[in-house]
Amino acid sequence: MSLILPVGIKKSDKTSVFIYTLSVDNDIRYIGKTKGWLGYRRRYSKHLSGDPIVTKKDRWVKSILRDGKEIDMEVVDICNEDNWAITETYWIAQFRAWGFNLTNMSEGGIVSIYLETLKKYGNKE
C-alpha cells in the first residue's frame, strides 16, 4: 500500500482520514483519523488486535473477524494536523448523507476528543 502526496506537502505534518469497509460488499462502516500520513497502518492494526469491545465500531470489527471476513482500510483524505477535526467531521457527515450506516459514535472532530476523554477519565462533575 502506498500514498502519493500532492507536491510540496511534507509527510511529517499530515493527518490521514480513513474509512473501514467490509471486503465482500464495500459497505463503508467507520471513518476515523490518525496522526501521521502513514499512521493509519498502526491504527488499523490496533483496531483489529483484540482490544476490549467498547464501541459500536468495536462490536462490528469483532463480528466481522469472528465470521472470517476481512475489513479494508482506505485513506480518503490527507490534511494538516490543525484542520483534521473539520475534515473528519465533513467526511462523517458526507458518508451519512450518502446513506452509509456508520458505526461512528459521534459526528467526529472535537466531539470525538471529548468522548474519548470522558471514556478515559469518566465524568468527574
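A polar atom of the threonine 87 side chain lies 3.0 Å from the backbone oxygen of asparagine 83 in this predicted model. Threonine 87 sits in helix 3, residues 84-97; helices are DSSP runs of H or I with at least four residues, strands are E runs of at least two, and both are numbered from the N terminus. Threonine 87 has 10% relative accessibility and is therefore buried (under 20% relative accessible area; exposed is over 50%, partly exposed in between; 1.4 Å probe, protein chains only). Residues up to four places away in sequence aside, threonine 87 touches Val17, Asp77 and Cys79 (contact: heavy atoms within 4.5 Å).

The model is predicted, with local features needing pLDDT of at least 70, side-chain atom pairs counting only at pLDDT 80 or more, and totals for chains, interfaces and linings using all residues. Residues are numbered from 1 along each chain as its sequence is written, and side-chain values use heavy atoms, leaving out hydrogens and water.

The largest nonpolar core has 11 residues, among them Val17, Cys79 and Ile28 (buried Ala, Val, Leu, Ile, Met, Phe, Trp, Tyr and Cys joined through side-chain atoms within 4.5 Å). Strand 1 (14-22), strand 2 (28-35) and helix 3 each give two or more residues to this core. Helix 3 gives the most, with five. Another core, of nine residues, lies apart from it and includes Phe18, Leu22, Tyr30 and Val61.

Asparagine 101 lies in the loop between helix 3 and helix 4 (110-121). Its relative accessible area is 46%, so asparagine 101 is partly exposed. Its contacts, not counting residues up to four places away in sequence, are Ile28, Arg29 and Lys56. The C-alpha atoms of asparagine 101 and aspartate 27 are 8.5 Å apart, across 74 residues of chain.

Definitions and conventions. Polar contact = N/O pair within 3.5 Å; in protein donor to acceptor, adjacent residues only side chain to side chain.
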